[in-house]
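Visitor: Please take me through one part of this model in detail. I would like the interface between the two chains.

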Amino acid sequence: MENPRLKAAVHYTVGCLCEEVASDKEMQFSKQTIAAISEVTFQQCENFAKDLEMFARHAKRSTINTEDVKLLARRSNSLLKYITEKNEDIAQFNLERKAKKKKKLEDENKNSVEPAEAGVVESEN
Amino acid sequence: MTLVLHTFRPPWMGSRGRVAEGWVGSLVCGKRERVCRNRAGELVSKLLHLHFKDDKTKVSGDALQLMAELLKIFVVEAAIRSVRQAQAEDLAQVGVEQLEKVLPQLLLDF
């Protein structure tokens with residue numbers, strides 16, 4: 001995706017988020033304000049990306065992980081706390097999802113094995 | 001400086017447990033949360049990869065979801081702090097001037 005389309009996607013998402021804030025606080029955002037927030041966010045992504053890459057490289061990794069993201073959020077205590085909690089929520093959610101998938105797979109395997117076992121019992125009789 | 005997000009907790013944020021279910025990785029709010037989760041992850045991934053210096057750099061799935069969350073907070077904080085500024089100035093609309101006043105502290109916090 002080229003730059004202009006990426007920027008447009010960011011702008012759309014920023015617009016949606018601002019709309020929710022606006023309706024919640026009963027305040028309107030001017031179009032220029034939304035565009036400005038979108039621009040700042042896009043530029044901030046550059047800083048985030050470069051920092052994340054450096055953090056991972058510093059730890060001699062080529063894959064950025066959640067520790068790197070947490071390091072990114074270090075400047076404000078409440079932000080760090082929020083991100084750390086969010087990380088635990090994500091980990092927990094993914095864990096539960098994996099457990100559900102595993103159980104579903106096990107149930108499916110059990111169902112496909114049962115008819116065969118019944119057949120064996122009958123032949124023994 | 002405390003996150004304004006905590007003081008002005010919007011109705012769509014909910015309690016910690018529910019937030020994880022519906023919001024993980026989602027950048028767009030509303031009823032399309034689950035559907036948007038993958039699209040948001042894709043967008044964040046493209047945004048990050050745009051600025052990586054090394055081609056070999058990758059992002060883990062969890063880190064991607066966390067980054068989507070961080071970016072969402074960034075936007076929402078910018079929005080809410082601007083609103084607060086506009087309210088303090090007794091305005092009916094949030095203009096760029098209000099954003100400009102809150103931007104320095106926002107960038108320092110992130």
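Guide: Here is a close look at the contact between chain A and chain B.
This is a predicted model, in which local features need pLDDT of at least 70, side-chain atom pairs count only at pLDDT 80 or more, and totals for chains, interfaces and linings use all residues. Residues are numbered from 1 along each chain as its sequence is written, chains are lettered from A and ligands numbered from 1 in the order in which they are written, and side-chain values use heavy atoms, with hydrogens and water left out.

In chain B, 66 residues are in contact with 60 residues of chain A (heavy atoms within 4.5 Å). The two chains bury about 5,900 Å² between them; this is the accessible area (1.4 Å probe) lost on being put together, summed over both. Carbon and sulfur atoms carry 72% of it.

Polar links come next. The rule finds 12 residue pairs in polar contact across the interface, both residues at pLDDT 80 or more (a pair of N or O atoms within 3.5 Å, one able to donate a hydrogen and the other to accept it; residues adjacent in sequence count only if both atoms are side-chain atoms). The count of salt bridges is 1 (a side-chain nitrogen of Lys or Arg within 4 Å of a carboxyl oxygen of Asp or Glu). A:Arg57 forms a salt bridge with B:Asp54, with the closest N and O atoms 3.9 Å apart.

Several elements of chain B give two or more residues to the side that touches chain A, including α3 (33-49), α4 (61-88) and α5 (96-109) (helices are DSSP runs of H or I, at least four residues; strands are runs of E, at least two). The largest share, 20 residues, comes from α4(B).
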